[in-house]
Amino acid sequence: MGLASGNNRMVSQFEGGRARGYRESIGGMGTSAWRRSMSEATLRAPGDHYWPAILDLAVLSLAELPNAPSQHEWLNNRRSFTPSDGVQQHFVATSGERIVGYACIEHRHKTADGGKPVEGEYRLFVVVAPSARTTMGTRLLAKLRECLINLGACRVRVLEYEADARFISYLEEMGFVRLKSFNLDDGSPVVGLTMDAPFQSLV
């Protein structure tokens with residue numbers, strides 16, 4: 001999901017229970033109804049009242065990851081982003097009253113260690129349920145490509161936990177290239193993936 005997982009302190013290395021109710025709401029739907037909700041979802045800017053549901057979805061997105069860490073810091077990094085920090089474009093996908101996806105690209109004016117970031121390089125985050133990767137996930141990636149093209153981006157990058165193998169495989173199928181692996185401060189192995197403009201495989 002773009003390391004929902006992606007805490008600020010991790011960025012310089014790459015450059016050099018809450019979901020239970022949400023899962024139950026999905027589990028109560030038939031497969032055809034769930035797929036229909038994906039195709040009928042509406043994209044909109046995230047309001048303040050959406051953040052608790054985005055957090056639930058972030059937890060759910062890591063359901064295949066053993067001992068998934070808390071996503072509160074990831075959420076705070078997205079929510080606290082201001083124009084003085086750089087460029088952020090993000091949106092949620094809603095189906096009725098439910099949040100079924102979150103997508104974001106960011107370019108910060110400074111790296112986590114205070115350095116100057118690569119011009120035109122953006123960080124990407126996509127948050128969906130594992131079962132919705134090839135449906136809603138692919139739709140969100142296509143929308144993010146439009147944003148990247150409009151911003152004149154030259155490269156996009158994603159940071160994911162190495163243990164989230166299925167999501168990494170999905171990203172590689174979508175055209176992302178594995179760049180490097182390293183451990184976070186807490187010892188968790190992560191994988192960095194990138195894609196260069198014009199991001200054609202995301203169409």
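This is a predicted model: local features need pLDDT of at least 70, side-chain atom pairs count only at pLDDT 80 or more; totals for chains, interfaces and linings use all residues.
Start by selecting Asp56, which sits in helix 4 (residues 51-61); helices here are DSSP runs of H or I with at least four residues, strands are E runs of at least two, and both are numbered from the N terminus. Asp56 has a relative accessible area of 15%, so it counts as buried (buried is under 20% relative accessible area, exposed over 50%, partly exposed in between, with a 1.4 Å probe and protein chains only).

Residues are numbered from 1 along each chain as its sequence is written, and side-chain values use heavy atoms, with hydrogens and water left out.

Zoom out for a moment. The protein has seven helices and seven strands, in the order α-α-α-β-α-α-β-β-β-α-β-α-β-β from the N terminus. Of its 203 residues, 50% are buried.

Next, select helix 5 (residues 72-79), where Trp74, Leu75, Asn77 and Arg78 are buried. Look down the axis of helix 5: the buried residues stay within an arc of 160 degrees and so line one face of the helix (the arc is taken from the directions running from the helix axis to the C-beta atoms).

The Gln88 side chain comes to 3.1 Å from the backbone oxygen of Arg78. Which side chain does Gln88 join in a polar contact of 3.4 Å? That partner is His90. A polar contact is a pair of N or O atoms within 3.5 Å; within protein, one must be able to donate a hydrogen and the other to accept it, and residues adjacent in sequence count only if both atoms are side-chain atoms. Beyond its neighbours within four places in sequence, Gln88 is in contact with Arg78, Phe81, Cys104, Ile105 and Glu106, where contact means heavy atoms within 4.5 Å.

Now move to helix 6 (residues 133-151) and helix 7 (residues 165-173), which pack at about 50 degrees with axes 12 Å apart. Axes are lines fitted to C-alpha atoms, for helices over the stretch in contact, and angles run from 0 to 180 degrees between N-to-C directions. Show the side chains at the contact: Arg133, Thr134, Gly137, Thr138 and Leu141 from helix 6, and Arg166, Phe167 and Tyr170 from helix 7.

Stay on helix 7 and colour its buried residues, Phe167, Ile168, Tyr170 and Leu171. Their arc around the axis is only 155 degrees, which puts them on the same side of helix 7. Turn to the face away from the buried side to find the exposed residues Arg166 and Glu173. The cover over the buried residues includes strand 4 (121-127), helix 6, strand 5 (155-161), strand 6 (177-183) and strand 7 (189-196). After helix 7 comes Gly175, with a positive phi near 110 degrees.

For the last stop, select Val156 in strand 5. Is Val156 buried or exposed? Its relative accessibility is 0%, so Val156 counts as buried. Among its contacts beyond four places in sequence are Tyr122, Leu148, Phe176 and Met195. Finish with a distance line from Val156 to Met195: these two lie 39 residues apart along the chain, with their C-alpha atoms 5.4 Å apart.
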